[in-house]
Amino acid sequence: MSQAIDQTGIVNLGSTIERKKWMLEGLLQKSSQSQWDGLKGNSKESIVFTTTDISKKDGHEVEFQWDGNASGRGVKGKERLRGNEEQKKQFSDKIRVTRVRHGLDNGDDFDAVNIGNLNLSQHTHSRSLLGDWNVRKRDQWLFDAGQGFLNGGVNTHIIRPNGKAAIADLLEADVMDLDFMMDLEAIVKTGRDYTSGIDRAPMRPFKLADGRSMWLLMIDPWVHRDFIKNSVTQNILAQADVRGNGNRLIKSVLGTIGSFMIVDKLNFFGQTFDNSLTGSEVEIAGLRQLHESGVFTGETGFDDAGIIASRSLILGAGALQVADGKAPDYLFEESDDYAITSGSGMEMWTNTQATVLYADNEDYADAKQAGYHYGIAAVDTFARINT
């Protein structure tokens, strides 16, 4: 029987296949730390629709397919059917895989040693740090895609309390409470009365492990604060239900109210230079807030005077997409100064985006499915005022 290499043994990472396998094992060990753990799956029924195609390299596209329901009128009696059939409705979305790399400066820890003669424990330390970075970055990509920040993919449907047209119009009373939450439920169920965005098909719920159909309501600590300060809300949350062991996989669950499963997430901490995949230093992954000027947390100008809104997310089935291409690789590079220092890095082929369906033939006349954020609605509420 084979024996695992211990932490003082020697690891030979010269083989590309073995190196990628070893890197992937390290990333899988860290994956359970994700705030989105329990929300990902390989079908459109999951909130985060994930797919892996190892044939895809930088710039290659991965296609997601959705089938529509039959909705035609039908014929009666001896009316002619041939030539009057309904065309099957098909929808799709594409995501382009891109190369993302990140490196660590090992300093003198790996001084003048070859990658094939390096202690496994030393490589494992770098792999662990890169795995942790990978989890936080991927989590932030999902938060940013949902909130309309990543790559400028602005939210197509937004709800604000009391019909406020803009963040600058929000008052201290415009917070999350039970009455507003009931309004939110009615809006996502009917597809009508969004503050911003066209009438649309009702948002498709996702299913919990116990079979219940729900929408996920993702809130930040500011919204949580205002929500639980209400005495009626406190009584309801005391009885809020999270039945089913499988449902506990969804992180930070407060409970269920109506058709919403409510989860409390952290706010983003870090520095942002642009809205691309590699545009932010992510210290803590979480929901961003919005300045009335449209600037997000982490961007220059966010701390200027003005009203700050929390942007909560209502998420349904198929809301977000993650595509992975070639297997992630572990990189090692000695310095050109006689290998006095070195660096360890990882390389992956991936991308994340909000789902926006395109009608491959035709869309529905009323319950439209295409051209907007399919499983996402943003909710802006008052958080505070910068002075």
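Asp 366 is partly exposed, with a relative accessible area of 48%, where partly exposed denotes values between buried (under 20%) and exposed (over 50%), computed with a 1.4 Å probe and protein chains only. The structure is a predicted model, in which local features need pLDDT of at least 70 and side-chain atom pairs count only at pLDDT 80 or more, whereas totals for chains, interfaces and linings use all residues. Residues are numbered from 1 along each chain as its sequence is written, and side-chain values use heavy atoms, with hydrogens and water left out.

The side chain of Asp 366 meets that of Arg 192 in a salt bridge (3.2 Å, N to O), a salt bridge being a side-chain nitrogen of Lys or Arg within 4 Å of a carboxyl oxygen of Asp or Glu. This pair links distant parts of the chain, 174 residues apart, with Asp 366 in the loop between β20 (358-359) and β21 (376-386) and Arg 192 in the loop between α3 (178-190) and β9 (206-207); helices (H or I, at least four residues) and strands (E, at least two) are DSSP runs, numbered from the N terminus. Arg 192 is likewise partly exposed, at 29%.

A salt bridge also joins the side chains of Arg 288 and Asp 144 (2.7 Å, N to O), bringing together the loop between β14 (280-284) and β15 (289-291), which holds Arg 288, and helix α2, which holds Asp 144, 144 residues apart. Arg 288 counts as buried at 0% relative accessibility, and Asp 144 is buried at 3%. In total, 12 salt bridges are counted, and Arg 160, Arg 311 and Asp 380 are linked in a network of such bridges.

Strand β12 (260-264) is mostly covered, 4 of its 5 residues being buried. β12 pairs with β10 in the parallel sense over 5 bridges, pairing requiring at least two DSSP bridges between two strands, and Trp 215 stands opposite Phe 260 in β12. Strand β11 (residues 253-257) runs antiparallel to β12, joined to it by 4 bridges, with Gly 255 opposite Ile 262. β11 and β12 form a hairpin with 2 residues between them, and Gly 258 in the turn has a positive phi of about 60 degrees.
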